Amino acid sequence: MHPAFPIIIAMLSAGIGYANPLLHLPAAILAFPLALGMIATTSESPRKAMKRGWIAGSLAAIACMYWIAYPVGVYGGLPWSLAIPCPILVGMVVGAYYGGYTYILSHAARSLPPFALCVFSGLLWTSMEMAQGVLLSGYPWMTLSSAMAFRPEWIQGAAFIGAYGLSGVLVSIATAILVWRTSHAAKIWALSIVAVIIILGGMRTAPQKFSELHSIGKTSIGVVQGNINQARKWDAKYKKTTFEKYLNLSRQVINKSDIVIWPETAMPFYLQDGGIMRAEIMNFATENKTPVLTGAPGYILHSKMDFSLYNRAYLISPDKKSMSWYDKSHLVPFGEYIPFKEFLPLGKLVQGAGDFLPGSDASPLQSGDLAMGMLICYEGIFPELAQERVEKGANILINISNDAWYGKTSAPLQHLNLVTMRAVEQGRYMIRGTNTGVSACIDPLGRISHATELFVDAAFAADAEVISGSTFYHANYKAVTRSPLVLTMLFSIWIIINRRRTQTAIKI
């Protein structure tokens, strides 16, 4: 086998396995860890495996996240000659995780029997994805299991072991395929896992109530997709037009809705400052007896020359007496703030005054019986943030976002897939409202409805259930998330001991 073959397979499988507008084959994503496994088991040494794994992982990341060049080139003020290398650089950084994976797996393949290798590869992958979600502020965009989110019957395991754990299970299957001819135990292991995935998916997606969850009421939520041109969004000349467009679209659904949701920074002005438009939106909520949830920038003024800026979601009550809010807690590096800005001569990609600061309160926004756990923009890709919202009492999850930055690329579809995993993990409806799509209603089983097209005006009212109770994943979050790390460490110690014994025996 030519050394380049698995590298090409890794790139192609990531390109078509993760969501994209041209050709999306979710099952193809299994070829990605399979290719990395081939690299780990056929390379002459672990170091060569690491190098080839890094190249394969980098190309796979570029194939998945090529769209990073779009916001940088179109909105970042950089020439395309500098924008195009951005996904390459990001891909090379992300590829380092896969290089580390193949390095460790190469050592394991030389020490573990085939069945143990299948188990260890899944644990190692789960640990690697967890590291992707934490290190350098976290960026778990390439969560393997999210590639299958458009097939709800395939992702029900996330309600028990989370998206990261499900990724590890899928990788374990891929490794079993790799050693299929040499291990009957690996065959039984892989077939058993496939059977569990199929049976669990069939049982949970059957037309019945969610067994471990409880509906405590029904609601109808209006979602408005304003489709505001990103290049004009912060232009003061278009502020009034933007505001009126959201009001007009809201009128299409407000009579059918218990609350109306507008996207992240739908209002391109400081709503807290008062003024005519704030009065109009509060009157709109009062006249229709319906609260409005909208994104808008917010601030805390410390002095005339000193203030803190926040990416905020405001809940406007119909009684005109209250306006509560949630401040985004996990900010986008280089988009909402500049890490190490004292050393990097770079500006933000987002228009606005100064850097945003993270909020500190993850409590739900309360409207009647609705306790809305807020996830702004890419907060929805982090399992621990959704876990925290539900832990604090959220009975429904709301993700407002502005994916206009990414154009008609793969990013909005991949973002939707990642957010879908949060709904399954937490056993909550996820209502997603975006500026240009994809807006949708996702039920606790990951079934997507009311999905909008990209870059169209849209307004819909989605029926949802207010849920109580916990999934196994939520109730046992610490055990589920820590166990793979501990087991990976124990396996690694076993591998090190076996390698030393082997080396000692050779010397003797």
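Which residue in E8 is the bridge partner of Met 374? The structure examined here is a predicted model, in which local features require pLDDT of at least 70, side-chain atom pairs count only at pLDDT 80 or more, and totals for chains, interfaces and linings use all residues. Residues are numbered from 1 along each chain as its sequence is written, and side-chain values use heavy atoms, with hydrogens and water left out.

The bridge partner of Met 374 in E8 is Ile 398. Strand E7 (residues 370-376) and strand E8 (residues 396-401) pair in the parallel sense over 5 bridges; pairing requires at least two DSSP bridges between two strands. Helices (H or I, at least four residues) and strands (E, at least two) are DSSP runs, numbered from the N terminus. An open sheet of 6 strands, with mixed pairing, has the order E6-E7-E8-E9-E10-E11. Its edge strands, E6 (365-367) and E11 (448-449), each pair on one side only.

Two helices lie across strands of this sheet. Helix H12 (residues 383-391) lies across E7 and E8 and runs at about 160° to E7. H13 lies across E8, E9 (430-434), E10 (440-442) and E11, running at about 155° to E9. Axes are lines fitted to C-alpha atoms, for helices over the stretch in contact, and angles run from 0 to 180 degrees between N-to-C directions. Contact denotes heavy atoms within 4.5 Å.

Cavities were identified on a 1 Å grid over the protein atoms alone, as sets of points where a 1.4 Å probe fits but cannot get out; lining residues have an atom within 4 Å of a point. Grid points are joined across faces, edges and corners, and a volume is the space filled by probe spheres set on the points. By this rule, 2 cavities of 30 Å³ or more are found. The largest cavity holds about 60 Å³ of space, and its lining includes Met 130, Pro 383, Glu 425 and Tyr 473. H8 supplies the largest share of that lining, with 5 residues. The second largest cavity has a volume of about 40 Å³, and helix H13 (residues 411-426) gives the most to its lining, with 3 residues. Among the residues lining this second cavity are Gln 414, Asn 417 and Leu 418.

Leu 271 lies in the loop between strand E2 (259-261) and helix H11 (276-288). Beyond its neighbours within four places in sequence, the contacts of Leu 271 include Arg 278, Ile 281, Tyr 314 and Met 323.

Terms used. On a 1 Å grid over the protein atoms alone, a cavity is a set of points where a 1.4 Å probe fits but cannot get out, and a pocket is an open set with protein on both sides within 12 Å along at least five of seven lines; lining residues have an atom within 4 Å of a point.
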